[in-house]
Amino acid sequence: MPSPHRLLVVDDEEGIRQSLRGILEDEGHTVFEAESAENALAFLEKEGVDLIFLDIWLPGMDGLTLLETLQSAYASVPVLMISGHGTIETAVAAIKKGAHDFIEKPLSLEKVLIAVERALEFHALKRENTELREQLDTRVASGPMGSSPVMVELRGQINRVAPLDTWVLITGENGTGKELAARAVHLASKRSNKPLVAVNCAAIPEELIESELFGHEKGAFTGADSAKMGKFEMAHQGTLFLDEIGDMSLKTQAKILRILQEKSYERVGGNKVMYADARVIAATNKDLEAAIRAGEFREDLYYRLRVFPLHIPPLRERGEDVFLLADYFTATLAQDLGFSPVSFAPDAKKALLAYAWPGNVRELRNFLERMIILHAGKVIGYADLPQEFKAASGANGAAGASPQPQPAASAEGAVAPEGIGELPTDFKSARSAFEAHFLAAKLQEYDGNITRLAEAIGLERSYLHRKLKLYNIQG
């Protein structure tokens, strides 16, 4: 037997109300009655219900007019229209106004029960999807972008551009969170209640990208057994996120430029002009200006997309965000996985800060997921870290030692830069040694002025300060 629900029957015929009451109460539901639209609205002001049966022909306000009111004030409650004088036109009008289904009199026991079950299941799934979307949107809106000065500025830029329909170009290395930034723009826009449709231009074969973006007509090519909507059509009145747009061919770029200029296009294999009102947000990890010089990207498309540029710096340039992001991911991943969260000992934290995070935020998240699976509930120490983190912090990372410039000498005939000493055996240790020598020399060159040094070498002052502290370099 299905779970009991509260149902309201709105019909001016007492016999119909009693008949439906008998059918529905036998299934365990609680049934309420109203003989007019006015009585139904008065009841709904005081009581909540899970489903409404609504007759089209009512004294006073008719059923279709009441349906419009219900869709405005009680949109989450499914409505089943019933009528003894039903026509196809009436049924279509009811469905267009928001009714879930239309049942003709005389009422069939089987049809009534099937309609009730389907309506309740559909709207339960709809509510669940809405709740999940709200949870996801809340995570994204409050989520892991960071609190470093550069990321605070980025949030401010997102908040300024989001309410507009301005096109946005997001740049940054792989894994920095370009899609997260695009979603943040969408959620803060006036289009937030419409779809955000994402397309990874690098993941779609060249011969299929036009069909994916613009759709195709039946028979347009081998295997096109039916017509298909494209991403622009799906994103109508919403947002289209074109990820890795730098990997798009020049031919497709020309068609993208047309739709940005005219908002019109044709499906593949079709000649009907289609129109799409979609806000476009593009993203790339490539240097598009270099691609323009190489003849690989259209200059006019670049400037069309780059109305409002957003750049997301790599994680290595905003080290203060590492632990804020780690706290966020640890909490959410532990909850999702059903494991206890992990924490990090001071020596492990030092190693995490020294690591360059070539995969950026995505790598940090994946690393934390692995640590939670392997060490749920533990305090993770230096010894528990993967080898690449130990290499980044130096051979004596567990003891807290930092790589220091040493007298020049080289291993196996290799020539080391002056002041670095013997060459390490792996790349990351070599990089750490070079960083220490470079920063020590530069700090001396700028007479210990960290602010001037940060400006000269292009680093955030707070990040430079932590690097100097990591390598125990004194001004």
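**Overview. The whole protein in this predicted model.** Local features are given where pLDDT is at least 70 and side-chain atom pairs where it is 80 or more, while totals for chains, interfaces and linings use all residues. Residues are numbered from 1 along each chain as its sequence is written, and side-chain values use heavy atoms, with hydrogens and water left out. The secondary structure comes to 19 helices and 14 strands; these are DSSP runs numbered from the N terminus, helices being H or I with at least four residues and strands E with at least two. Of the 475 residues, 43% are buried (under 20% relative accessible area with a 1.4 Å probe, protein chains only; over 50% is exposed, and in between is partly exposed). Take contacts (heavy atoms within 4.5 Å) between residues at least 6 apart in sequence: 69% of them join residues at least 24 apart.

**View 1. Helices α2 and α3 pack against each other.** Look for Ala-37, Ala-40, Leu-41 and Leu-44 on α2, which meet Leu-66, Thr-69 and Leu-70 on α3. This contact has six nonpolar residues, one polar and no charged ones (Ala, Val, Leu, Ile, Met, Phe, Trp, Tyr, Cys and Pro count as nonpolar, Asp, Glu, Lys and Arg as charged, and the others, Gly among them, as polar). The axes of α2 (residues 37-46) and α3 (residues 63-73) are 10 Å apart at an angle of about 15 degrees; axes are lines fitted to C-alpha atoms, for helices over the stretch in contact, with angles from 0 to 180 degrees between N-to-C directions. The two helices are therefore roughly parallel (under 35 degrees; over 145 is roughly antiparallel, 65 to 115 roughly perpendicular, and the rest oblique).

**View 2. Ala-34 sits in strand β2, residues 30-34.** With a relative accessible area of 2%, Ala-34 is buried. Leaving aside residues up to four places away in sequence, Ala-34 touches Leu-8, Val-9, Val-10, Asp-11, Arg-17, Asn-39 and Ala-40. Val-9 is 25 residues from Ala-34 in sequence, yet their C-alpha atoms are 6.2 Å apart.

**View 3. Helix α13 crosses helix α15.** The axes of α13 (residues 321-337) and α15 come within 9 Å and cross at roughly 50 degrees, which means that α13 is oblique to α15. The crossing is right-handed. On the α13 side, the contact includes Phe-329 and Leu-333, and on the α15 side, Leu-364 and Leu-368 are among the residues they join. By class, the contact holds 12 nonpolar residues, one polar and two charged.

**View 4. Helix α15 runs from residue 360 to residue 375.** Buried residues in α15 include Val-361, Leu-364, Leu-368 and Ile-372. Just after the helix, Gly-377 takes a positive phi of about 80 degrees.

How values were computed. Expected span 1.5 Å × (residues − 1). Left-handed = near helix turned anticlockwise from the far one by under 90°.
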